[in-house]
Amino acid sequence: MPADIPAPTAPTPPEAQAPHPRFAVGVLAFCGVVVAVMQTIVVPLLPHIPELTGATPAAASWLVTVTLLTGAVFTPVLGRVGDMYGKRRVLVASLGVLVVGSVLCGISSHIGVLITGRALQGAAIAVVPLGISILRDELPPERVLSAVALMSSTLGIGAAVGLPIAALVVENFDWHTMFWVSGVIGVIDIVLVLVFVPESPLRSRGRFDALGALGLSGALVCLLLAVTQGGDWGWTSGRTVGLLVAAVVVALVWGAYELRVATPMVDLRISARPAVLLTNVAALLIGFAFYANSLVTAQMVQEPKATGYGLGASLVVSGLCLLPGGVSMVALSPVSARISAKYGPKVSLALAAGIIAAGYGVRYFTSHSLWLIIAGATVVASGTAIAYSALPALVMRGVPVSETGAANGLNTLMRSIGQAFCSATVAAVLANLTFRVGGRTAPTLHAYQLVFVIAAGAALLALLVTLMLRGRRPAGAGTVEEKRTAPVTPTGGARPAGIQEGA
């Protein structure tokens, strides 16, 4: 070839043409916050739904319950679909479902339409584990922990931010406004993802396990319906007991089937590894401990002063009590990543569980001062930020790269199940420990303190479970090229560098 003719160059691979990773991290984190906000925005609205829609209080409660159900069902399923067919593609579809759900809630006051819209919004929670998977695939090893920490923390950040935003809307605007705003932001999210987030080149092989997805969905629906509705139906009622029995039976049949499938919906052999199993148990307990803080703080400060402990705060003020916790979660996610990078995510999670328990200790003894209540709630949120940042790191070092979406979806699911159990527990405690004051029935101070003790106990159990994990040198995710050349597991997934079989 003549010297003056340049040699042909190979086409730049798609991942090399991707925008700067910093933009992808920011966009995905923003998506996570928006989706998490959607889970909580109706909470301040619930007491007003019967008069606004003509629905019964029981029907109104489904605006929260249905998001929990659809989120639990679709999070692991869409995580697996993303592993197989493209994570960005499924993430964009999830955001599209969020937009459709928001529009349905924005155009109607009929309770049936609202419940349908909320169901669609709940399905979009899969955005968080999908985002974590994309970040693992696309970022260099030194940036994975900090980016994943931020992405995982968006679940807590959104919950803390959603309540005060919703309270402001309810008090100052037409209540449909918050759904229209969420729809517009959802469209903006889709555009940002398409522009700044690359599609991961990694795929897991095999055929989608439709029967496995149906079996998992059936077991989850039975379990969560029993847990969330058991207080209204009666814990010993035929419906509650029947659903719990059905959940166990379906889960056993599903598990036996999954062990025989070449490419299962959930690889139970990997999920049964101590590193993965104990991390998921810890996620359930942390989800329980965190959610109590969100459930009782706003209600407690709104109780009338006649109760002897209530502060008579407005809806907006009560929601703002959680806002400092949301700010702390943003600030602490990179701190958690640095702790995980230096000492390992096990140390981060153990530290987080201890902080959460300490936060509830503060809550127990400071129930009469607004500022001390905010301080205690912020301590709990700070511990949650560190925990939510550490959990994906623990999951990722125990599963093949090709299973990242499904594994993180399962971990997110465990947090949701923990929140469901927490909601049922808090409702039972506050409903059974009451007294009459000012012509109304209100929970006693002891009821709230008992909730704090139970939540602290869950955090301490999470600490115990975490200490049972084997301490290991932190393992960062490899580059895209390293992942492509990693060895293939029997189920068709690539095993990440630094993670040994049987870890």
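**A buried charge network**

Modeller: Lys87 is buried, with a relative accessible area of 2%. Buried means under 20% relative accessible area, exposed means over 50%, and partly exposed lies in between, using a 1.4 Å probe and protein chains only. This is a predicted model, where local features need pLDDT of at least 70 and side-chain atom pairs need pLDDT 80 or more, while totals for chains, interfaces and linings use all residues. Residues are numbered from 1 along each chain as its sequence is written, and side-chain values use heavy atoms, without hydrogens or water.

Side chains of opposite charge can pair when their charged atoms come close. Here a salt bridge needs a side-chain nitrogen of Lys or Arg within 4 Å of a carboxyl oxygen of Asp or Glu. By that rule the count is 2. One joins Lys87 to Asp83, at 3.9 Å from N to O. Asp83 counts as buried because its relative accessibility is 1%. The other joins Asp137 to Lys87, with the closest N and O atoms 2.9 Å apart. Asp137 sits in helix 6 (residues 127–138) and Lys87 in helix 4 (residues 87–107), so this pair ties together parts 50 residues apart in sequence. Helices are DSSP runs of H or I, at least four residues long, and strands are runs of E, at least two, numbered from the N terminus. Asp137 is buried, as is Lys87. Shared partners join Asp83, Lys87 and Asp137 into one network.

Now the rings. Arg415 also brings in charge: its charged end sits over the ring of Tyr388, 4.3 Å from the ring centre. The rule asks for NZ of Lys or CZ of Arg within 6 Å of the ring centre and within 35 degrees of the ring normal.

The whole structure holds 6 aromatic pairs. Tyr309 and Tyr448 make an edge-to-face pair, 5.6 Å centre to centre with 65° between the planes. Tyr309 is in the loop between helix 12 (274–302) and helix 13 (315–320), Tyr448 is in helix 18 (residues 445–467), and the pair links these distant parts, 139 residues apart. Rings of Phe, Tyr and Trp (its six-membered ring) pair if their centres lie within 6.5 Å; planes under 30 degrees apart are stacked, over 60 edge-to-face, and the rest tilted. Tyr309 counts as buried, at 3% relative accessibility. Tyr448 counts as buried too, at 0%.
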